[in-house]
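Please go through this structure with me, point by point.

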Amino acid sequence: MNNFTFYSPTEFVFGRSTENQVGDLCVKHGAKRVMIVYGGGSVVRSGLLDRVKAALTSVGIEFVEMGGVQPNPIDTKVREGLKLAKDFAPDFLLAVGGGSVIDTTKAMAVGYYYDGDFWDLYEMVNCKKKATASKALPLGVVLTIPAAGSEGSGNSVITNTTTHVKVGIRYPMILRPKFAVMNPELTMTLPEWQTASGVSDMMAHILERYLSNTPDVQIGDRLAEGMLMAIMECAEKVITNPQDYEARANIMWSATVAHNDTCSIGRVEDWNSHAMEHEISAEYDVTHGAGLAVIFPAFLQYAAKHNPGKVAQLAHRVLGIADSGDASADAMAGALALKKWFSEKLHMPVTFAQLGIENPNLELLNTRLHNLKGEVLHGYMDLDAAATMEIYKQAL
């Protein structure tokens, strides 16, 4: 196990009707002027936004709001929010929604104190960030979609609408939310597609950490394996019965733990499947979790031939593959078992065509990937352009 520093100060308030505590939580964390950020009309139609505003009003907090954040959050919306924030001068940001809303809010939080264009903090120049941040506005979250885990992480991913570059930042010390309100009841009206995409996303977050060559990380491995098994069990229940509160609750908490770095401790992570999917969703604006359901099995199939050890372990411990003594064969069987589960149990796409992309421009995706990430992507495997192209082709 490697040396590590782990800092996770978010206060999680979990359970039925917890959104009514938002006002008190904002006061507890020093808020007096709050900017609310949300997405589409669901938080309005459900009455959630009104309940949040009532909770703020009840404790004397002034607020302004910005809606319209879209899936695969974009730079132009962040700039719109920053302009409004500069005019209103909030001392706290409140994200009401899922990962896209939270990531947009984080971009605003870190961009608020930056003198230049916030995109400088995201943009890569010679495989390094153009600028760095040391300060951010504090923020809180009312979570409506369990998927990205952004309610417990210091990460944010934004797409540049001009260049079609989709990249992230990672500031665990300043961007982890001060609190996250998590009511599983709010997820019961999600369409099956959104629920399933969220499950794919959180499983990918776990697997990106699990696929590591760091030795002697048994605690992280077992945490990851247990969560994957629990998620798969509960996901099948929710697909069958969307009103299953306990299954919803387990999925909601799993999404948080999958991405708050608990499984990352003491190990080198991978994240190359995410990098490959980011190129797909940046270019074709597909749902991130659905894109991961396409890319991850293809990545595991490649790994079965080139570094099968951890994939075989996953196959044996999680995916029901008996140990044949042939790690490569077992890893391949595991990759195919996961692909089958995504397709048959989650009803997720597992090929580009099923994702709605009949003729993907793989050369464009692959070239932009390596222009952004470098000649070789390092991680569980070192992947040059030929390797990543093979994975993209496997996803056809």
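The points below take helix pairs, then a cavity and a pocket.

1. This is a predicted model, in which local features need pLDDT of at least 70, side-chain atom pairs count only at pLDDT 80 or more, and totals for chains, interfaces and linings use all residues. Residues are numbered from 1 along each chain as its sequence is written, and side-chain values use heavy atoms, with hydrogens and water left out.

2. Two packed helices are described by the angle between their axes and the distance between the axes. Axes are lines fitted to C-alpha atoms, for helices over the stretch in contact, and angles run from 0 to 180 degrees between N-to-C directions. Helices (H or I, at least four residues) are DSSP runs, numbered from the N terminus.

3. Start with helix α7 (residues 192–210) and helix α13 (residues 327–344). Their axes lie 12 Å apart, at an angle of about 160°. The two helices are therefore roughly antiparallel (over 145 degrees). The crossing of α7 and α13 is right-handed, meaning that the near helix is turned clockwise from the far one by less than a right angle.

4. Which residues of α7 and α13 make the contact? From α7 come V199, S200, M203 and L207, and from α13 come L338, W341 and F342. Contact means heavy atoms within 4.5 Å. By class, the residues of this contact are six nonpolar, one polar and no charged. Here Ala, Val, Leu, Ile, Met, Phe, Trp, Tyr, Cys and Pro count as nonpolar, Asp, Glu, Lys and Arg as charged, and the others, Gly among them, as polar.

5. Next, helix α10 (residues 272–284) and helix α11 (residues 288–306) cross at roughly 130°, and their axes come within 9 Å. On the α10 side, N272, S273, H274, M276, E277, H278 and I280 take part. On the α11 side, the partners are H288, G291, L292, I295, F296 and F299. The contact of α10 with α11 has six nonpolar, six polar and one charged residues.

6. α11 also packs with helix α15 (residues 385–394), at about 125° and with axes 8 Å apart. That makes α11 oblique to α15. This crossing is right-handed. I295, A298, F299, Q301, Y302 and K305 of α11 touch A387, E390, I391, Y392 and Q394 of α15. Seven of the contact residues are nonpolar, two polar and two charged.

7. A cavity is a set of points on a 1 Å grid over the protein atoms alone, where a 1.4 Å probe fits but cannot get out. There are four cavities of 30 Å³ or more. The largest cavity holds about 50 Å³, where a volume is the space filled by probe spheres set on the points, and grid points are joined across faces, edges and corners.

8. Which helix gives the most to the lining of the largest cavity? α7 does, with four residues. Both α7 and α9 (245–259) supply at least two. The lining is P146, T187, L190, Q194, T195, V199, M202, R248 and I251. Lining residues have an atom within 4 Å of a point.

9. Last, the second largest pocket, an open set with protein on both sides within 12 Å along at least five of seven lines. The second largest pocket has about 200 Å³ of space. It is lined by 17 residues, and T5, F6, R170, D261 and S264 lie nearest its centre. Its lining has seven nonpolar, five polar and five charged residues.

How values were computed:
Parallel < 35°, antiparallel > 145°, perpendicular 65-115°, else oblique.
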